[in-house]
Amino acid sequence: MEAFGLVDRVEEGLLASYPEVTFPLTHNFTPGLYTRTIYIPAGSFLTSKIHNTEHPFVIVTGSISVWTKETGAVTLHAPFHGVTKPGTQRILFAHTDTCWMTFHPTDETDLA
């Protein structure tokens, strides 16, 4: 089974079965670094975009199950840190309120 096809089918099922949710995000820029923080309420399902770059991530608070084609389903508990590889796409389910941060090198100074 093609992994990205599976994610597409999961997204279609979630959209058909659950109301669309907007997850609170914060964006912070420091010289050479963009930090993105997403707050995921307990009981939420979500999927990620396909990541283009390698970058670190930290689960600051919470417990979340994460599926990728590389690892299958794993449950991660804060505090946790890892590295996202290019091509990674995730299906996630938050067991508790979760705070997930990613860190990206950049020359940008804001989202504009």
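In the predicted model, His 55 has a relative accessible area of 2% and is therefore buried, the cut-off for this class being under 20%. His 55 lies in strand β4, which spans residues 55-61. Leaving aside neighbours within four places in sequence, His 55 is in contact with Gly 82, Val 83 and Thr 84, and also with Thr 102, Phe 103 and His 104. Of these contacts, Phe 103 is 48 residues away from His 55 along the chain, yet the C-alpha atoms of the two residues are separated by 6.1 Å. The side chain of His 55 also reaches the backbone oxygen of Thr 53, at 3.1 Å.

Strand β4 belongs to an open sheet of five strands, arranged in the order β1-β2-β9-β4-β7 with antiparallel pairing. The edges are taken by β1 (25-30) and β7 (80-84); each has a single partner strand, so one side of each is left without a neighbour in the sheet. On average, neighbouring strands of this sheet are turned by 20° against each other, direction ignored. Strands β2 (residues 33-40) and β9 (residues 98-105) run antiparallel and are joined by eight bridges. One of the bridge pairs links Tyr 39 to Cys 99 in β9.

The average pLDDT of the chain is 88, and 84% of the residues score at least 70. Among the elements of the chain, strand β4 has the highest mean pLDDT, 98, whereas helix α1 (residues 3-17) has the lowest, 63. Where pLDDT is low, the predicted coordinates should not be read in detail.

Conventions: Residues numbered from 1 in each chain as written. Predicted model: local features only at pLDDT ≥ 70, side-chain atom pairs only at ≥ 80, totals over all residues. Heavy atoms only, no water. Pairing = 2+ DSSP bridges. Helix = DSSP H or I, 4+ residues; strand = E, 2+ residues; numbered from the N terminus. Axes fitted to C-alpha atoms, helices over the stretch in contact; angles between N-to-C directions. pLDDT = per-residue confidence, 0-100. Buried < 20%, exposed > 50% of the residue type's maximum accessible area, 1.4 Å probe, protein only. Contact = heavy atoms within 4.5 Å. Polar contact = N/O pair within 3.5 Å; in protein donor to acceptor, adjacent residues only side chain to side chain.
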